[in-house]
Amino acid sequence: MKTKIPLAVCLISGVIMFVQYFLSHPVAISIYSSILDWWQIIFAFTLFIGVAGFIKINLQSISRKKDRPYRLIALSGLILMPVLALIGGTEFGSPFLWAFENMLAPLQATVFSLLAFFVASASYRGFHARSIPAAILLVTAVIVLIGRVPIAEMISESFPKITFWVQNYPSMAARRAILIGIGLGSMTTALRVILGIERTYLSGE
Amino acid sequence: MNRLKIRWIIFAGLALVIIISYIIRIDLDTKPSPLVQKSYDYIESLPESTVVMFCFDHEASSLPEIKPIALAMLRHAIRKNLKIIGLSTFAEGTAIGYMLMTKTAQEYGREYGRDYVFLGFRPQHISVFLAMGESISHAFPLDYLGNRVDTIPMMRAVDNYDDIDMVISIADGDRTTQWVEYAGARYHQKIMGGITSAMITSYDPYLASGQLYSVVGGLVGAAEYEILLGTRAAGNRGILAQTSAHIYVIAMIIIGNIVYFRMRKGRG
């Protein structure tokens, strides 16, 4: 019973969502709209779980005196933003948007921009022509790197053309193969879940 | 030289290159690529009051690259007097989208509710894409400011995708793909992208098949779009830094290979 009910719910939901795609009857549209609403409601609860988990983990670390200053900053940020929004609103010019624009956005952009430094370091340390395939990859990378910036045309008119060719033929062929593989894999998995063959989502068995 | 010292030199070199690129002012001659030209021409061809949707499908981390793209496309749409519906599928994109839309609308003296609306954020983007195909006011009963969407003047004539000419997804990940897969495939919604450089190749198959109308990609795309608009802004300011960083990375690859082969030769 413990597994039969969830399997039945999954089967019925899966079949409904599949069949409704081909129907335009008001009842089918109404069921479809209700499912979409429920989807959002369930997802909203996962956000609550995320916030609760974040608070729990940070409080545990604080009580164990592990990374205390960082955990306190993280928790104060979690509290500060909703408080600012509740007190001053979220309209243009509000303290909430000021904090977002002048604190959160630059901090996140700074962390993300570190990637450029790691790329530069990795290009020196790891991008070596150890074999013929590695050399081909290296030359292609250099051509695309130049081809994606305006100086390419100043160096040679061929650069953008070669970059275009690399992107639109070998790269796209590989990407299409991956996408087709993902599509077939998704269909197979969906069928296995709907038919109850794949049950790992129930208890990890 | 030890590894840590080399790493520090590489980091400091890159920082120096980028700082100098932002200090000096060189306007690089940027020729618009066919995709940017296609995006610009499409918005240019739309008659006044056509409704377009801007979706801010990104987080704050990609703002330095995403903001010039979003601003260039928004400025064009607002300058053309198009009606704009904004929304976000990321919680962080909500504040960014609202600020960018409001700032740009204020530049041109546009009025909230009459010329543009910001719907805000709803969780679970796929259900949002699908729900808007049935009814936007059902998917978003209230806008970002808490107004009932069905009472907003601009929204009275907008029910679902049938009333929207183009969705412009400003994205730093694969969310534009999901617009194509759900709003495009099921509701035949026309979709355009404003995406980061790193994601461009991910969209090539969708562009080649025509499922994605066009894209403005990365800082280069923003710079090209600005040139078409006739105003060199953040995209053109950043392009020199990006070009210098690319040259720096290429130099690092070359130096790294010279050192590698010399060491290999030394070992016999």
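Q: What is a salt bridge, and which side chains of chain A and chain B meet in one?

A: A salt bridge is a side-chain nitrogen of Lys or Arg within 4 Å of a carboxyl oxygen of Asp or Glu. Side chains of opposite charge can pair when their charged atoms come close. Here, Glu101(A) and Lys103(B) make such a pair, at 2.7 Å from N to O. One note before we go on: this is a predicted model, where local features need pLDDT of at least 70 and side-chain atom pairs count only at pLDDT 80 or more, while totals for chains, interfaces and linings use all residues. Residues are numbered from 1 along each chain as its sequence is written, chains are lettered from A and ligands numbered from 1 in the order in which they are written, and side-chain values use heavy atoms, leaving out hydrogens and water.

Q: How many salt bridges does the structure hold over all chains, and where do Glu101(A) and Lys103(B) lie?

A: Over all chains there are 8. Glu101(A) lies in helix 4 of chain A and Lys103(B) in helix 4 (residues 91-107) of chain B, so this pair joins two chains. Helices here are DSSP runs of H or I with at least four residues, strands are runs of E with at least two, and both are numbered from the N terminus. Across the interface of chain A and chain B, the rule finds 1 salt bridge.

Q: How should I read the contact between chain A and chain B?

A: Contact means heavy atoms within 4.5 Å. By that rule, 53 residues of chain A are in contact with 65 residues of chain B. Buried area is the accessible area (1.4 Å probe) that two parts lose on being put together, summed over both. For these two chains that comes to about 5,400 Å², with carbon and sulfur atoms giving 69%. Gln40(A), Phe92(A) and Tyr124(A) supply 14% of the area that chain A buries against chain B, more than any other three residues.
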